[in-house]
Amino acid sequence: MIEAGVLIDKNGCPFHWHLPEGRTGGSIPDTRSLWDVIWDNRDHVLGFAHSHPGGGIPAPSWTDLTTFAAIEAALGRRLYWWITSSEHFIRLEWCGPEKTDYGFRTSEHTPDWVGELRMYSDHETDGVELILTMGS
Amino acid sequence: MEEITGNLVQSTEARVNVTYSGQNGDLPDPVFFEATDGDVKSWVTEAVANGGIPGIPAASDADFGDFVVDRFAATEDRPYNLIQLRPKTPFGI
């Protein structure tokens, strides 16, 4: 199993699967391409989700938190950040006051794309960037 | 040399572009293309703090420590070197 990611639009739909080369069971590498997609869709993006292989309630790493903060600083607005494990699904958002202070909540409602994200984590597909037509 | 908005950019220099606070802008003056990442971030931080990048509002607390410096050599379509500062995007450990 390796980490995978997906961008979600304001309709709650996935529009960009982020499956770059170099993903591991514990990381997704820095890529310019992800930022380019976020910036090009800055008016439509609601947030980004990524998977943590394994079970239990996932928690953000320091890398996750500083990436959240950097992207939001560049965008000039806040996003939602979801993290899934094989069993649980949380949503994080900035709660302040420090730049890396993010609170989370679990949800009983699990969107369909969570299953797809877990599938991409289970199947090690490297170097794939899947861009869906907005609204599909 | 290529002239960009009145400021000549020599072959050893680069235009610096930064995205911050939902806006995108360039440092008014070119910098040495081989400047260190630390120097680039320092110049951009000072410029943003003072409102010195057209299009980007002044922000005294701007912090580019978690931004990445990307460098692009001149091309036929863009006949000058380019340095871009954008947020990092790794996740996990």
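Ser21(B) sits in the loop between E3 and strand E4 (23–26) of chain B; helices (H or I, at least four residues) and strands (E, at least two) are DSSP runs, numbered from the N terminus. This is a predicted model, so a few ground rules: local features need pLDDT of at least 70, side-chain atom pairs count only at pLDDT 80 or more, and totals for chains, interfaces and linings use all residues. Residues are numbered from 1 along each chain as its sequence is written, while chains are lettered from A and ligands numbered from 1 in the order in which they are written.

- Ser21(B) has a positive phi of about 55°, even though it isn't a glycine.
- With 18 C-beta neighbours inside 10 Å, Ser21(B) counts as partly exposed. On this scale, with C-beta atoms placed from the backbone, a residue is buried if 20 or more other C-beta atoms lie within 10 Å of its own, exposed if 12 or fewer, and partly exposed in between.
- Gly96(A) and Pro97(A) are joined by a cis peptide bond, with omega about -5°. You'll find Pro97(A) in the loop between strand E6 (89–94) and E7 of chain A.
- As background, most residues other than glycine have a negative phi, and most peptide bonds are trans.

**Chain B overall**

- Chain B has 1 helix and 8 strands, and along the sequence these follow the pattern β-β-β-β-β-α-β-β-β.
- The radius of gyration of chain B is 13 Å, close to the 12 Å from the globule rule for 93 residues, so chain B is as compact as a globular protein of that length. The radius is taken over C-alpha atoms, and the rule is 2.2 Å times the number of residues to the power 0.38.
- The C-alpha trace of chain B spans about 40 × 30 × 20 Å along its principal axes.
- Of the 93 residues in chain B, 35% are buried.
- Among chain B contacts with a separation of 6 or more, 40% come from residues 24 or more positions apart; two residues are in contact if their C-beta atoms, placed from the backbone, lie within 7 Å.

**Where the chains meet**

- On the chain B side, 17 residues are in contact with 26 residues of chain A. Strand E3 (13–20), strand E6 (67–72), strand E7 (81–87) and strand E8 (91–92) of chain B each give two or more residues to that side, and E6(B) gives the most, with 3 residues.
- That side of chain B splits into 7 nonpolar, 6 polar and 4 charged residues. Here Ala, Val, Leu, Ile, Met, Phe, Trp, Tyr, Cys and Pro count as nonpolar, Asp, Glu, Lys and Arg as charged, and the others, Gly among them, as polar.
- Strand E3 (residues 27–28) of chain A pairs with E8(B), antiparallel, over 2 bridges; strands pair if DSSP finds at least two bridges between them. Phe91(B) in E8(B) is the bridge partner of Ile28(A).

**The core and H2(A)**

- The largest nonpolar core has 44 residues, and Leu7(A), Ile38(A), Val16(B), Val44(B) and Leu85(B) touch the most other members. Such a core is a set of buried Ala, Val, Leu, Ile, Met, Phe, Trp, Tyr and Cys residues joined through C-beta atoms within 7 Å.
- Helix H2 (residues 62–75) of chain A gives the most to this core, with 7 residues.
- Leaving out residues up to four places away in sequence, Leu7(A) touches several partners, including Phe15(A), Val37(A), Ile38(A) and Phe48(A).
- H2(A) has 14 residues and reaches 20 Å from first C-alpha to last, close to the expected 20 Å, the expected span being 1.5 Å times one less than the number of residues.
- The buried residues of H2(A) include Asp64(A), Phe68(A), Ile71(A) and Leu75(A).

**E4(A) and its partners**

- In strand E4 (residues 45–51) of chain A, 6 of the 7 residues are buried, so the strand is largely enclosed by the rest of the structure.
- Strand E1 (residues 5–9) of chain A runs antiparallel to E4(A), joined by 5 bridges, and Gly5(A) has His50(A) as its bridge partner.
- Strand E5 (residues 80–84) of chain A runs parallel to E4(A), also with 5 bridges; there, His50(A) is partnered by Ile83(A).

**Ser107(A)**

- Ser107(A) lies in the loop between strand E7 (102–106) and helix H3 (112–122) of chain A, and with 12 C-beta neighbours inside 10 Å it counts as exposed.
- Beyond neighbours within four places in sequence, Ser107(A) is in contact with Phe89(A) and Arg91(A).
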